[in-house]
Amino acid sequence: MSAVYKFKPYNVGRWIIWGLFALVLLVAPKLFTSNLSVTMLAQMGIAIIACLSYNMLLGQGGMLSFGHAVYTGLGSYMAMHALNAVSGGALPIPVSLLPLVGGLSGMGFAVLLGWVTTRKSGTPFAMITLGVAELVFAMSLMFSEFFGGEAGVSGNRVAGQPFFGITFGPQIQIYYLIAVYTFVCVALMYAFTQTPLGRILNAVRDNPERVEFIGYNTQRVRYLAFIIAGFFAGIAGGLGALNFEIVTAEVVGAGRSGAYLLFTFLGGATFFFGPIIGAVLMVIAFVLLSELTKAWLLYLGLVFLFMVMYAPGGIASLIMMNLRVAKFGKLRQIWTSYLGLGITALAIVAGAGAMIEMVYHLQLNSALGDVVKFMGVPLNAKSVDSWVGAIFVTLTGLGLFELARRQYVLEWGEIQVEIEKEIKRRETAV
Amino acid sequence: MEFFIISMLNGLSYGLLLFMLSSGLTLIFSMMGVLNFAHASFYMIGAYIGYSLGGIVGFWPALVLAPLCVGALGALFERISLRKVHPYGHVPELLVTFGLSYVVLELVQLIWGRTAVEFVPPDVLRGAAFTLINHSVNGMHLLWGAAPADMCSAADAAVRVVCTPFPATRAFMMVIALLMLVSLWLLLTRTRIGLVIQAALTHPDMAEALGHNVPRVFMLVFGAGTGLAGLAGVIGGSTFVTEPAMAATVGSVIFVVVVVGGMGSLSGAFLASVLIGVIQTFAVAIDYSFLAFARDVGWQLSAAAQDNSFAKLTVSQVAPILPYLFLVLILIFRPKGLLGTREG
């Protein structure tokens with residue numbers, strides 16, 4: 001695929017994509033100016049670095065880690081303590097370099113803990129990372145001098161000398177600091193995938209036995225990748241500390257690690273840009289979806305389950321597959337099926353969602369009356385009508401969805417065959 | 001002395017509960033190569049279903065029915081979800097069970113609410129199984145059941161009498177776990193289905209070629225493993241607390257058990273669960289820190305060292321991290337686990 005757009009000596013396509021990325025980072029706060037959206041954008045930048053560093057393990061190294069928050073979280077703590085040292089005048093470095101302190105300490109902890117974890121691969125690796133994560137979380141409640149106990153450690157990012165009037169007090173200034181770090185880190189992590197180490201890491205993921213035969217120590221390759229991922233995770237943690245100005249024990253917790261895993265996978269672990277989509281979704285889900293409904297974790301879990309079962313490449317792979325179809329001009333043949341799938345899926349979501357919301361309402365706020373507002377429709381959670389209606393909508397949606405899905409699978413198969421033929425034809429024409 | 005005996009028994013019973021969970025996990029892992037991340041979730045479902053059924057048909061029928069329900073749910077999950085993911089490899093399999101653990105937690109909160117439910121064992125199990133009576137004159141002796149009040153107090157103030165009861169639920173837990181251990185062992189080694197399972201474990205293709213339905217064997221094993229978790233859930237839920245957080249509290253410990261015992265080794269899982277259960281129970285009960293040790297030995301510590309948070313930590317405070325510390329030490333010094341055979 002990469003051979004198509006190579007214009008030597010400059011790779012124009014790549015310049016355009018990176019230029020667009022920088023532009024998006026630059027103008028995003030101009031388009032979404034409200035306080036909430038600037039905060040969310042800053043969080044997205046942090047999440048992008050964290051998810052990409054996680055994907056260095058999951059997507060590129062095949063290492064399923066349940067404890068990535070350990071490195072982001074410890075990076076946060078170290079950066080926060082460094083910030084407090086700067087405020088106290090003990091540490092003469094500018095605030096804008098504090099994320100690097102987080103990065104270096106994340107790297108240090110990865111050197112220390114990664115030595116144990118990367119001794120194994122596959123399933124044992126996953127369990128050991130889980131154990132290490134539990135270890136660190138349990139310790140965070142034991143050593144309150146460093147971790148600040150329940151209240152956490154807080155600081156003030158307006159410290160040291162202002163640089164050209166930049167104090168990092170206003171949210172927009174911290175956003176641009178995060179944006180710069182995000183751009184540089186994304187570029188560095190992309191560059192890493194092109195290095196010999198990045199390549200051999202892919203080989204370790206795909207066939208460790210062969211890698212050993214050509215003379216590499218797979219354990220050392222995993223260890224090195226783990227250290228580098230720990231560095232970027234620490235940077236994300238350090239930025240998080242500056243952004244929120246408070247670090248609590250929750251940042252090293254299992255919930256955070258699980259979220260990184262979930263959203264990196266949802267975004268797509270097989271493509272480099274997949275985790276970026278995942279990170280954006282993560283912030284949207286945590287900030288907006290959790291406001292909208294109390295059952296958001298349930299929806300998230302269900303979406304994740306279906307994604308693993310039916311689209312293990314995540315959203316990125318769905319995009320790439322459809323781009324391929326569009327490239328061959330076949331999207332026109334299939335858009336009616338997409339429409340059918342979309343409408344029936346919406347019906348299922350509406351029906352099942354109504355039922356879930358009604359049950360939640362009965363469980364949690366039945367004191368507020370029996371009426372639930374769902375998608376603008378008032379539903380009485382205790383009347384038979386709304387239940388029968390919801391069940392009816394769900395079942396109808398399910399039945400029609402199955403019909404639409406069968407039609408879609410047929411058409412998709414046909415299109416793939418046509419594309420294969422077209423590719424063969426072009427090859428013979430050349 | 002009675003502290004030692006009771007703590008030992010408590011530790012053993014906790015370890016045996018862990019074994020009930022880790023045996024299912026190990027069985028599924030060695031059979032299908034799948035690490036069931038949602039295993040503790042099935043434990044939680046077992047407790048909740050046991051609670052609901054117990055309210056309708058009583059505790060004893062629920063003790064039998066709830067594990068069957070959980071096993072059926074597990075088999076259903078294997079059939080409709082896990083089997084689809086199987087061709088993609090082990091990481092997606094692990095991910096699908098990880099997703100399931102999220103869904104189960106939310107569903108449990110949806111159905112039974114976010115607070116703990118009152119799941120109590122029947123009257124028979126609520127008392128003491130036996131009582132240790134330590135009499136400073138007559139010595140220590142054991143009495144089945146709860147001791148009457150007059151035996152625990154001496155008329156003479158100079159005579160010290162201490163009664164330590166051992167709860168019946170704990171004893172019941174031990175009995176069930178041991179019964180399960182024996183029947184599992186008999187099933188695997190002495191019956192035809194056990195032999196088929198063992199064959200499918202090492203040579204799935206050959207077993208299939210001989211006419212055995214290996215996918216169905218897998219489904220059966222997954223159902224049986226989750227059923228065992230469900231049984232542990234009914235017992236654990238009635239002994240401890242039945243709440244949505246119960247899956248998370250045992251979840252990571254049983255993974256530690258499986259790694260420490262050696263991936264895929266049933267006897268290793270037994271040894272490791274008993275070891276971890278005993279260590280953790282003893283650690284919780286010991287209120288002793290390095291500072292106290294230094295004072296007892298007679299070292300003079302500086303004021304800074306006396307205020308050091310490491311030195312002030314008591315053993316009971318360290319108890320939650322001991323399993324994980326154990327895990328790290330095992331991985332450094334014996335990477336294949338206590339009784340494991342495969343390095344990987």
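**Confidence in the model**

Among the elements of chain A, which has the lowest mean pLDDT and which the highest? Strand β3 (residues 371-374) of chain A has the lowest, 71, and helix α10 (residues 218-244) of chain A has the highest, 93. Here pLDDT is the predictor's confidence in each residue, from 0 to 100, while helices (H or I, at least four residues) and strands (E, at least two) are DSSP runs, numbered from the N terminus. Please keep in mind that this is a predicted model, where local features need pLDDT of at least 70, side-chain atom pairs count only at pLDDT 80 or more, and totals for chains, interfaces and linings use all residues. Residues are numbered from 1 along each chain as its sequence is written, and chains are lettered from A and ligands numbered from 1 in the order in which they are written.

Chain A averages a pLDDT of 85, and 95% of its residues score at least 70. For chain B the mean is 82, with 89% of the residues at 70 or more. Confidence in chain B is lowest in helix α14 (residues 303-306), at a mean of 66, and highest in helix α2, at 91. For the complex, the predictor gives an ipTM of 0.82 and a pTM of 0.85.

**Chain B at a glance**

Chain B has 17 helices and 3 strands. Of its 344 residues, 43% are buried; a residue is buried if 20 or more other C-beta atoms lie within 10 Å of its own, exposed if 12 or fewer, and partly exposed in between, with C-beta atoms placed from the backbone. Take the contacts in chain B between residues at least 6 apart in sequence: 76% of them join residues at least 24 apart. Two residues are in contact if their C-beta atoms, placed from the backbone, lie within 7 Å.

**Where the chains meet**

At the interface, 37 residues of chain B are in contact with 36 residues of chain A. On the chain B side, the elements giving two or more residues are α3 (59-85), α4 (90-112), α11 (246-261) and α17 (322-333). The largest share, 13 residues, comes from α4(B). By class, this side of chain B has 27 nonpolar, 8 polar and 2 charged residues. Ala, Val, Leu, Ile, Met, Phe, Trp, Tyr, Cys and Pro count as nonpolar, Asp, Glu, Lys and Arg as charged, and the others, Gly among them, as polar.

Helix α13 (residues 296-310) of chain A and α4(B) have axes that come within 8 Å and cross at roughly 155°. Axes are lines fitted to C-alpha atoms, for helices over the stretch in contact, and angles run from 0 to 180 degrees between N-to-C directions. The two helices are therefore roughly antiparallel to each other; angles under 35 degrees count as roughly parallel, over 145 as roughly antiparallel, 65 to 115 as roughly perpendicular and the rest as oblique. The crossing of α13(A) and α4(B) is left-handed, a term used if the near helix is turned anticlockwise from the far one by less than a right angle, with right-handed used if clockwise. Residues making the contact include A:Leu298, A:Phe304 and A:Met309 of α13(A) and B:Leu95, B:Tyr102 and B:Glu106 of α4(B). They divide into 16 nonpolar, 2 polar and 1 charged.

**Helix pairs within each chain**

The helix α4(B) also packs inside its own chain: helix α2 (residues 39-57) of chain B and α4(B) have axes that come within 10 Å and cross at roughly 20°. These two are therefore roughly parallel to each other, and α2(B) passes α4(B) in a left-handed crossing. Among the contacting residues are B:Met44 and B:Tyr48 of α2(B) and B:Val104 and B:Trp112 of α4(B). The contact has 8 nonpolar, 2 polar and no charged residues.

In chain A, helix α11 (residues 254-267) and helix α12 (residues 274-292) pack at an angle of about 125°, with their axes 7 Å apart. That makes α11(A) oblique to α12(A), and the crossing is right-handed. The contact has 9 nonpolar, 4 polar and no charged residues.

A:Glu245 sits in the loop between α10 and β2 (246-247) of chain A. This residue has a positive phi of about 60° although it is not a glycine, and with 15 C-beta neighbours inside 10 Å it counts as partly exposed.

A:Phe392, in helix α16 (residues 384-429) of chain A, counts as exposed, with 11 C-beta neighbours inside 10 Å. A:Phe392 and A:Gly351 are 41 residues apart in sequence and 7.6 Å apart in space, C-alpha to C-alpha. A:Gly13 lies in helix α1 (residues 12-31) of chain A and is partly exposed, with 13 other C-beta atoms within 10 Å.
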